[in-house]
Amino acid sequence: MRAWWASMFAYDQYEGSMENLFTWNDMNEPSVFNGPEVTMHKDALHGKWEHRDIHNIYGLYVQMATAEGQTQRSGGVERPFVLTRAFFAGSQRYGAVWTGDNAAEWDHLKISIPMCLSLGLVGVSFCGADVGGFFKNPSTELLVRWYQTGAYQPFFRAHAHLDTTRREPWLFGPENTALIREVIRQRYALLPYWYQLLYQAHKTGMPVMRPLWVDYPKDTATFTI
C-alpha cells in the first residue's frame, strides 16, 4: 500500500504537480469524531493488533510513504518536504510537525515553547505551532506577539480555522503590519543559520530549538527554565 501511495506522486500520476509542490499530511491518523477520544476505540482490532498499538504508527507510515514518493518523483535528486499531523518515533526522518489545533489564547502561545522544546529533545526538531491560534480570534497584540515568537521556532506558519475572522498581517493597521513584517524579515535573514541548525540536527540529533540546560549543562539555574 505504501509503495502504491508513493508511486502516485510521479508527475504523470499527480495532475498539475511540479517539483516545487510539496505535501501536508493532515488528518493522517484514523479519526472517528464521535468516538470517546475523537478516534477509534483503543481496543478496536486490526487483525490481532489493538488500535492503541498502531494509531501513531499509521500516521508515521503515511508520512514515510509521502516522503518516499516525493524523492522517487525526482529520481532521488530532490529532497522531500512533508508536514504531518500524526507522527511517531522516527518521524523526524521524513519532515516537519506542528502542535495541532491550538486556540487564540495567551496560554496556547506560552505552551508552544515547552512543546517544541520537548519534541526537539526526543529527536523531532522540525516543530512549530499555528501562529495566531487555529481556533478563535486573536487580539491584535496576541497576533503580533505570536508572529514574534513563531518566527524563532523551527517550523513557522500562520494557519486558522475556516470560521475564524481574517487575520492577514496587513489588516491590523500600519504599525502592527510593520512589526510583523520586521520579524518575518528577520526570519528570512536567518535562513542560512536555520539551514545549518537543521543540518546539525540531521547529523547529530542536537535539537534546533533547545532548553538552556542543553547548552549550559553545568549551570543548575537553567534546569527549571
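A disulfide is taken here as a pair of cysteine sulfur atoms within 2.5 Å. In the predicted model, the structure holds 1 disulfide. The bond is formed by cysteine 116 and cysteine 127, whose sulfur atoms are 2.3 Å apart, and this separation falls within the 2.5 Å cut-off. The torsion about the S-S bond of cysteine 116 and cysteine 127 is about -70°, and the disulfide is therefore left-handed.

The largest pocket was examined next. About 1200 Å³ of space lies in this pocket. Its lining is made up of 24 residues, and those closest to the pocket centre are Arg79, Pro80, Phe81, Phe126 and Leu198. By class, the lining comprises 15 nonpolar, 6 polar and 3 charged residues. Helix α6 (residues 191-204) supplies the largest share of the lining, namely 7 residues. At the level of domains, at least three lining residues come from each of domain 1 (1-94) and domain 2 (130-224).

Helix α6 also holds tryptophan 194. With a relative accessible area of 9%, tryptophan 194 is buried, because residues under 20% relative accessible area are classed as buried. The C-alpha atom of tryptophan 194 is separated by 14 Å from that of alanine 96. Along the chain, tryptophan 194 and alanine 96 are 98 residues apart.

Packing of nonpolar residues was considered last. In soluble globular proteins, nonpolar side chains tend to be buried together. The largest nonpolar core in the model has 13 residues, of which Leu142, Trp146 and Tyr147 touch the most other members. The elements that give two or more residues to this core are α4 (140-150) and α5 (174-189). Of the elements, α4 gives the most, with 5 residues.

In summary, the model has 1 disulfide, formed by cysteine 116 and cysteine 127, and a largest pocket with about 1200 Å³ of space.

Key. Residues are numbered from 1 along each chain as its sequence is written. This is a predicted model: local features need pLDDT of at least 70, side-chain atom pairs count only at pLDDT 80 or more; totals for chains, interfaces and linings use all residues. Side-chain values use heavy atoms; hydrogens and water are left out. On a 1 Å grid over the protein atoms alone, a cavity is a set of points where a 1.4 Å probe fits but cannot get out, and a pocket is an open set with protein on both sides within 12 Å along at least five of seven lines; lining residues have an atom within 4 Å of a point. Grid points are joined across faces, edges and corners, and a volume is the space filled by probe spheres set on the points. Helices (H or I, at least four residues) and strands (E, at least two) are DSSP runs, numbered from the N terminus. Ala, Val, Leu, Ile, Met, Phe, Trp, Tyr, Cys and Pro count as nonpolar, Asp, Glu, Lys and Arg as charged, and the others, Gly among them, as polar. Domain bounds come from an automatic or database domain assignment. A nonpolar core is a set of buried Ala, Val, Leu, Ile, Met, Phe, Trp, Tyr and Cys residues joined through side-chain atoms within 4.5 Å. Buried means under 20% relative accessible area, exposed over 50%, partly exposed in between (1.4 Å probe, protein chains only).
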